[in-house]
Amino acid sequence: MLDVRRLRLLSDLHRLGTIAAVAEARAYTPSAVSQQLSALEREAGVPLLERTGRRVALTAAGQVLVRHAEAVLAALEEADAAIAAVRAGPAGPIRIGAFPSAVRTLLPQALVALGRDHPALELMVTELDPVAVPAALRERSLDVGLLHDYDIAPAEADPALDSVPLLQETVFLAEPAGTAAGALAETASLPWILATPGTLCHEVTQRVCRAAGFTPRARHHADDFATVLALVAAGQGVSLVPELAAVTPPAGIRLTALATRRRTRVAFRRGAATHPAVAAVVAALDIATRRPSGG
């Protein structure tokens, strides 16, 4: 019989690429991870890993087992959801991860509704970059998380996760009210406030500007949209901001809607959609998107 915990480690290795990364994610030592994977090979009766120096790759059998491991883990989530559904209603801890603009605008209303309608839930929110959400869901430090991508930079699906669409937002060009631009192509000569290189927001701005025929000239780098808008209002440059971040912009800013859209999804582990607590959070977030609060 194959050990489920070891299957999870094999799946982690396929996703993360190295035993050291798996050890760090699971708070194990690399030696402990190697021992568990060796035990899994003995259980399977075939080599699962090819070791070349310090690198480890999955064999063909390892690749097959990873695909089945994802199905096994999803089935366990479904079983947990079915057992939880036997209870009277959503109860127990539920850990939610969301990006800053969603925490400011969508989460407060959703949390109030959940506390009112499901008082047995223990709600715990972590402000988290969407890039970190898939790993946190896989590692079970989150139960529900918000992911986003852009139509101009779509994300690849994660086979270990399921998700449902939550929101599509307009992306705005934010510029000081006195700027004479008003159109994206006219900002080519202006200084820009960009996100940190390597982030999704930075890549999206680069793609949007390239499509308009220029490369943005960075003056400042900031990842928090409240900071970005404050810098724009201070005349420090122009930037792109999604709708949730521009609900209550500071004075002195002009917002021009662009064709680009940011798309947000509610994600959870595959098989967990019918878990009462997960379903309650998804429903509350869906309602909150229709009436986002300012902030």
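The C-alpha centres of domain 2 and domain 3 lie 27 Å apart. This is a predicted model, in which local features need pLDDT of at least 70, side-chain atom pairs count only at pLDDT 80 or more, and totals for chains, interfaces and linings use all residues. Residues are numbered from 1 along each chain as its sequence is written, and side-chain values use heavy atoms, with hydrogens and water left out.

The bounds, from an automatic or database domain assignment, are 4-83 for domain 1, 90-164 + 264-289 for domain 2, and 169-260 for domain 3.

Now the interface of domains 2 and 3. On each side, 14 residues are in contact with the other domain, contact meaning heavy atoms within 4.5 Å. The two domains bury about 1100 Å² between them, 69% of it on carbon and sulfur atoms. Buried area here is the accessible area (1.4 Å probe) that two parts lose on being put together, summed over both. Of the area that domain 2 buries against domain 3, 48% comes from Arg-104, Tyr-150 and Ile-152, more than from any other three residues.

Which residue forms a salt bridge with Arg-104? Asp-224 does, with the closest N and O atoms 3.8 Å apart. The rule asks for a side-chain nitrogen of Lys or Arg within 4 Å of a carboxyl oxygen of Asp or Glu, and it finds 1 salt bridge across this interface.

Helix 5 (100-105) and strand 5 (144-150) each supply at least two residues of the side of domain 2 that touches domain 3. Helix 5 gives the largest share, 5 residues. Helices (H or I, at least four residues) and strands (E, at least two) are DSSP runs, numbered from the N terminus.
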